[in-house]
Amino acid sequence: MKHRFEEARELYADEWLGFSETELESSSREQAFRKIQTSVVHKEPETPQFQTLLAVANKPFSSGPA
């Protein structure tokens, strides 16, 4: 998934920027994660469009082809 905030991504490469809760959950589902839960950890008062999310998910174990 391409980031919407490319300039910010370059400044904060260790952060995932530009994902809403819905986009993060959708992307996680596409990567085979299940039981996905996201919650807002922090909202920046001066820039409410930026928030810190915590995501927790399970990825089923696969032993590969039989």
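Is Thr38 buried or exposed? In this predicted model, Thr38 is buried, with a relative accessible area of 16%, which falls under the 20% that marks a buried residue. Let's start from this residue and work outwards.

Thr38 sits in strand β1, which covers residues 34-43. Leaving aside residues up to four places away in sequence, Thr38 touches Glu21, Leu24, Glu25, Leu54 and Ala55. With two of these neighbours, the side chain of Thr38 also makes polar contacts: one of 3.4 Å to the side chain of Glu21, and one of 2.7 Å to the side chain of Glu25.

That brings us to helix α2, which spans residues 21-30. Its buried residues are Leu24, Ser27 and Ser28. Looking down the axis of α2, you will find these buried residues within an arc of 100 degrees, so they line one face of the helix. The buried residues of α2 pack against β1 and β2.

Now return to Glu25, the partner of Thr38 in the 2.7 Å polar contact. Glu25 also forms a salt bridge with Arg29, where the closest N and O atoms are 4.0 Å apart. Side chains of opposite charge can pair when their charged atoms come close. The two residues are separated by about one helical turn, because they stand four residues apart in α2. How many salt bridges does the count come to? The count comes to one. Arg29 itself is partly exposed, with a relative accessible area of 46%.

α2 is followed by Ala32, which has a positive phi, near 75 degrees. Ala32 is also one of the residues touched by Pro60, together with Arg34, again not counting residues up to four places away in sequence.

Although Pro60 and Phe33 are 27 residues apart in sequence, their C-alpha atoms are 7.2 Å apart in space. Pro60 counts as exposed because its relative accessibility is 55%, whereas Thr38, where we began, is buried at 16%.

Note on methods:
Residues numbered from 1 in each chain as written. Predicted model: local features only at pLDDT ≥ 70, side-chain atom pairs only at ≥ 80, totals over all residues. Heavy atoms only, no water. Buried < 20%, exposed > 50% of the residue type's maximum accessible area, 1.4 Å probe, protein only. Contact = heavy atoms within 4.5 Å. Arc of directions from axis to C-beta. Polar contact = N/O pair within 3.5 Å; in protein donor to acceptor, adjacent residues only side chain to side chain. Salt bridge = Lys/Arg side-chain N within 4 Å of Asp/Glu carboxyl O.
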